[in-house]
Every structure is written in structure tokens, then in C-alpha cells.
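I opened my notebook for a quick look at a new fold. Here is what I looked up, in the order I went through it.

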Amino acid sequence: MFPKKSLICLGLILVVTMCVQSQIMTGGVKTVTNLQEVERELRMSLSKLEAGDGPHYKLRKVNKATRQVVAGSLTKIEADLEDSAGKVKPCKVSIWSRPWLPNGIEVTFECDGEPKVIRKHNA
């Protein structure tokens, strides 16, 4: 009926199609619909960084977020953060989580009118 190579190719095409449809491919960026989960993750990082050398921000609102599985997970967040002077500003925050490493959580802040800040903390 079908040669063996054709069946193998067909099987591979079906597997790839199923992975793409279910969005489980490593490296694929997925929009986070549960923003409360992202809020908890960001608040935990802000709390740990505030206990150290900062930066000292308070979360006001998460506007949107994406998550990507890389070596660990990379969460990119657009949020409104309040600085220590009480000024609220839009920021892009990236949280790269590699909990198996010492200080394996790397948080990058890019806020309007401020230099980029990169800090690490433990999981």
C-alpha cells in the first residue's frame, strides 16, 4: 500500500502538527491569559529584590504578558510600576527563571526614562 518511508514522513508531519496546535513546542512564545499568576511571580521578584539592593518598585498593574520555554522559562511582562518617589511608569520586565542555578532568577527592568536594570535573586 504505502511504502515505509511515506508512513514515517506522514507520522512525523502529524506529530509536528499536533505540537504546533497544542503550543507545546519548546521555544514557542505563548500569551499568558492568567495575569494573576504573572502578578504573583512579579511581586515575589520585587519583594526579593527590595530586600537587597533594589530596584525598589511596587506593582500597580500588569497589562499583558507572554511566556516562553527556553533554558528555563522566560516571562515578558508589560506593567505599570511605582518607583520609590511614588511616580507610576510603564515598564517592560523580563523574568528568566532557571531555578536549578544559584541566583537563577534574572529580572530585567526597562522603564521609561530610566536606564536598563538587571538583577538576580534565588528561587
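Before looking at who faces whom, I noted that two strands pair if DSSP finds at least two bridges between them. I am working with a predicted model here.

**Pairing first.** I began with strand S5, residues 105-111, and found that S5 and S6 pair in the antiparallel sense over five bridges. Within this pair, Ile-105 stands opposite His-121 in S6.

**Then the whole sheet.** Which order do the strands take? I read S1-S2-S3-S4-S5-S6, six strands in an open sheet with antiparallel pairing. I marked strand S1 (29-31) and strand S6 (117-121) as the edge strands, as each of them pairs on one side only.

**Overall inventory.** I counted up two helices and six strands in the protein. Along the sequence I wrote down the pattern α-β-α-β-β-β-β-β.

**Burial and surface.** How many of the 123 residues count as buried? I got 29%. For the accessible surface of the protein I noted about 8,300 Å², with 58% of it belonging to carbon and sulfur atoms.

**Contacts along the chain.** Last, I took the contacts with a separation of 6 or more: residues 24 or more positions apart account for 41% of them.

Note on methods. Residues are numbered from 1 along each chain as its sequence is written. This is a predicted model: local features need pLDDT of at least 70, side-chain atom pairs count only at pLDDT 80 or more; totals for chains, interfaces and linings use all residues. Side-chain values use heavy atoms; hydrogens and water are left out. Helices (H or I, at least four residues) and strands (E, at least two) are DSSP runs, numbered from the N terminus. Buried means under 20% relative accessible area, exposed over 50%, partly exposed in between (1.4 Å probe, protein chains only). Contact means heavy atoms within 4.5 Å. Accessible areas come from the Shrake-Rupley method with a 1.4 Å probe; for residues, only the protein chains shown count as cover.
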